[in-house]
Amino acid sequence: MADADRYQQLQLRLALLSFGITLAYLVTVLGTGVGHAAAQWAPQVASARWGQVALVAAALGVAHGALRLPLTLVRGYWLPRRFGLLHQPLRAWLADRLKAALLGGALGLGAVELVYVLVERTALWWLV
């Protein structure tokens, strides 16, 4: 039982660190104007509104994923292998993570696009 407790304790600490990194990333994006700069850059690349939203969301999402990649490797691959919970080789694990990122990115992008369509079509919907 000591191993399970230790594993859960390490996972909790890593989850809190991940949350801290995400929070710092969001504060940095908002505080430095990176998000605004990306929004200004997008119309130069894509003329359609949906394309601009997709570019900004993808750029910010990829940057966030790259920032958290080392922690993701530790939480999802190294630690479970160390405790004997994962027997998958690194290459297969990375392939699974890539598939998950692509699927999650597509679903997330669909949600972001939906929110922007709602904001564009019904200007006051967010006040409700």
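Tyr7 is buried, at 14% relative accessible area; buried means under 20%, exposed over 50% and partly exposed in between, with a 1.4 Å probe and protein chains only. The model is predicted, so local features need pLDDT of at least 70 and side-chain atom pairs count only at pLDDT 80 or more, while totals for chains, interfaces and linings use all residues. Residues are numbered from 1 along each chain as its sequence is written, and side-chain values use heavy atoms, with hydrogens and water left out.

The structure contains two aromatic pairs. Rings of Phe, Tyr and Trp (its six-membered ring) pair if their centres lie within 6.5 Å; planes under 30 degrees apart are stacked, over 60 edge-to-face and the rest tilted.

| Pair | Centre distance | Plane angle | Class |
|---|---|---|---|
| Tyr7 and Phe83 | 5.3 Å | 65° | edge-to-face |
| Tyr77 and Trp93 | 5.5 Å | 50° | tilted |

Tyr7 lies in helix H1 (residues 2-32) and Phe83 in the loop between helix H3 (49-82) and helix H4 (90-121), 76 residues apart. Helices are DSSP runs (H or I, at least four residues), numbered from the N terminus. Phe83 is partly exposed, at 22% relative accessibility. In the other pair, Tyr77 of helix H3 and Trp93 of helix H4 are 16 residues apart, and both are buried.

H1 has 31 residues and spans 44 Å from first to last C-alpha, close to the expected 45 Å, which is 1.5 Å times one less than its number of residues. Its buried residues include Tyr7, Leu10, Leu14 and Tyr25. The buried residues of H1 pack against helix H2 (34-45) and H3, contact being heavy atoms within 4.5 Å. Gly33 follows H1 and has a positive phi, near 85°.

Note on methods:
Helices (H or I, at least four residues) and strands (E, at least two) are DSSP runs, numbered from the N terminus.
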